[in-house]
Amino acid sequence: MQEIVRIVEALKTTDEAQVLTPANWNEGDDVMVPYFPYTKQQLADNPELENEFYNIGNRMWFKKISK
Amino acid sequence: MKKLFLTLAMAVLFLGGVYAKGNEIPLIGSKAPSFTAKSTNGKVTFPGDFGKSWKIIFSHPQDFTPVCSSEILELAYMQNDFEMMGVKIAIISTDDLKQHNRWKSHLETLDYKGRGKQKIDFPIFQDLEATISKKYGMLHKPISTTKDVRGVFIIDSENIVRSINFYPMQVGRNMEEIKRIVTALQTTDNARVVTPANWNNGDDVMVPFFPYSEQEIANNPGLKDEFYNIGGYMWFKKENK
């Protein structure tokens with residue numbers, strides 16, 4: 001039943017913010033973003049953005065949840 | 001004219017029937033539909049080329065997308081676990097083989113969650129015309145008519161569908177849960193037992209009937225220590241002796 005709870009939490013999380021949940025995700029884990037998370041302009045305006053995201057390869061971008 | 005209309009109507013009905021049939025989900029207990037297609041491991045026939053192994057078919061929406069990438073990587077790290085369980089994996093999407101090969105090479109360069117780079121041994125099948133996807137009901141029309149949802153078909157050594165899961169596009173599958181289901185199915189097949197809710201490998205299992213007769217317990221009093229009950233209907237068999 002934990003898996004059912006996990007799916008509901010994942011669906012609610014992805015509905016609320018524009019994010020995705022990776023394989024084996026559990027509540028509190030980092031989420032994924034479907035696109036490159038910021039433009040150069042956005043980063044120039046707010047350099048902090050860089051600390052909120054990280055990537056694995058150039059296709060998988062994660063948003064940090066546990067700060 | 002009327003006859004022509006009638007013929008047309010019949011043809012539409014017939015084709016509609018064929019189309020609907022081609023989009024059905026094979027149900028638990030049914031024979032796994034077979035197919036032959038190009039894959040990252042060459043041209044492969046399913047289930048024939050997978051022999052007497054258990055098999056899991058995974059479908060995903062699109063190569064190179066983030067959630068799909070995380071799933072293939074998790075599966076790649078679990079390859080040995082599945083092999084030890086006698087399970088072979090097949091991956092399907094409606095992308096073409098060239099894209100599959102590029103994606104596979106890309107994923108093999110990544111170090112995901114500090115586990116190092118990992119080779120991908122299982123085949124990723126091309127399904128450009130969605131023929132396989134339709135045989136397995138992987139296209140869920142309200143969401144997409146061209147991209148598969150995240151399907152999971154667990155198929156046993158006799159090629160019978162034993163478990164079906166479908167996950168939405170945004171949510172990555174829990175590969176530990178898939179492994180749990182396979183272990184549970186193999187456990188219940190091997191002994192005449194059933195697995196309770198939230199069961200994990202090593203936990204006590206349940207027995208479908210009262211576990212022993214009075215005669216049996218008289219002959220072997222030790223039996224009593226092997227089982228316990230919760231109420232009159234739930235009988236458990238101890239696994240950790």
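Predicted model: local features only at pLDDT ≥ 70, side-chain atom pairs only at ≥ 80, totals over all residues.

Trainee: What's the secondary structure of chain B?
Mentor: Seven helices and ten strands. Helices (H or I, at least four residues) and strands (E, at least two) are DSSP runs, numbered from the N terminus. Chain B has a radius of gyration of 23 Å, well over the 18 Å from the globule rule for 241 residues, so it is more spread out than a compact globule. That radius is taken over C-alpha atoms, and the rule is 2.2 Å times the number of residues to the power 0.38.

Trainee: What box do the C-alpha atoms of chain B fill?
Mentor: Roughly 80 × 60 × 30 Å along the principal axes.

Trainee: OK, packing. What share of chain B is buried?
Mentor: 30% of its 241 residues. Buried means 20 or more other C-beta atoms within 10 Å of the residue's own; exposed means 12 or fewer, partly exposed is in between, and C-beta atoms are placed from the backbone.

Trainee: Which residues touch the most other members of the largest nonpolar core?
Mentor: Among them are B:Ile56, B:Ile57, B:Ile72 and B:Phe153, in a core of 44 residues. Helix 2 of chain B supplies the largest share of this core, six residues. A core here is a set of buried Ala, Val, Leu, Ile, Met, Phe, Trp, Tyr and Cys residues joined through C-beta atoms within 7 Å.

Trainee: What is B:Ile57 in contact with?
Mentor: Setting aside neighbours within four places in sequence, B:Ile57 contacts B:Ala90, B:Ile92, B:Tyr136, B:Phe153 and B:Ile155. A contact needs the C-beta atoms, placed from the backbone, to lie within 7 Å.

Trainee: Switching to the interface: how many residues does each chain put in?
Mentor: 21 from chain B and 21 from chain A. On the chain B side, helix 2 (66-77) and helix 6 (175-190) each give two or more residues. Helix 2 of chain B gives the most, with six residues.

Trainee: Now chain A. What pattern does it follow along the sequence?
Mentor: It reads α-β-α-α-β-β, with three helices and three strands. Of its 67 residues, 18% count as buried. The C-alpha trace spans about 45 × 25 × 20 Å along the principal axes.

Trainee: How do strand 2 and strand 3 of chain A pair?
Mentor: Strand 2 (residues 53-56) and strand 3 (residues 60-63) of chain A run antiparallel over four bridges. Strands count as paired if DSSP finds at least two bridges between them. A:Tyr54 stands opposite A:Phe62 in strand 3 of chain A. The hairpin has three residues between the strands, and A:Gly57 takes a positive phi near 65° there.

Trainee: Back on chain B, what joins strand 1 to strand 2?
Mentor: A hairpin, through two residues. Strand 1 (residues 35-39) and strand 2 (residues 42-46) of chain B pair in the antiparallel sense over five bridges, and B:Ala37 has B:Val44 as its bridge partner.

Technical notes:
Residues numbered from 1 in each chain as written. Chains lettered and ligands numbered in written order. Contact = placed C-beta atoms within 7 Å.
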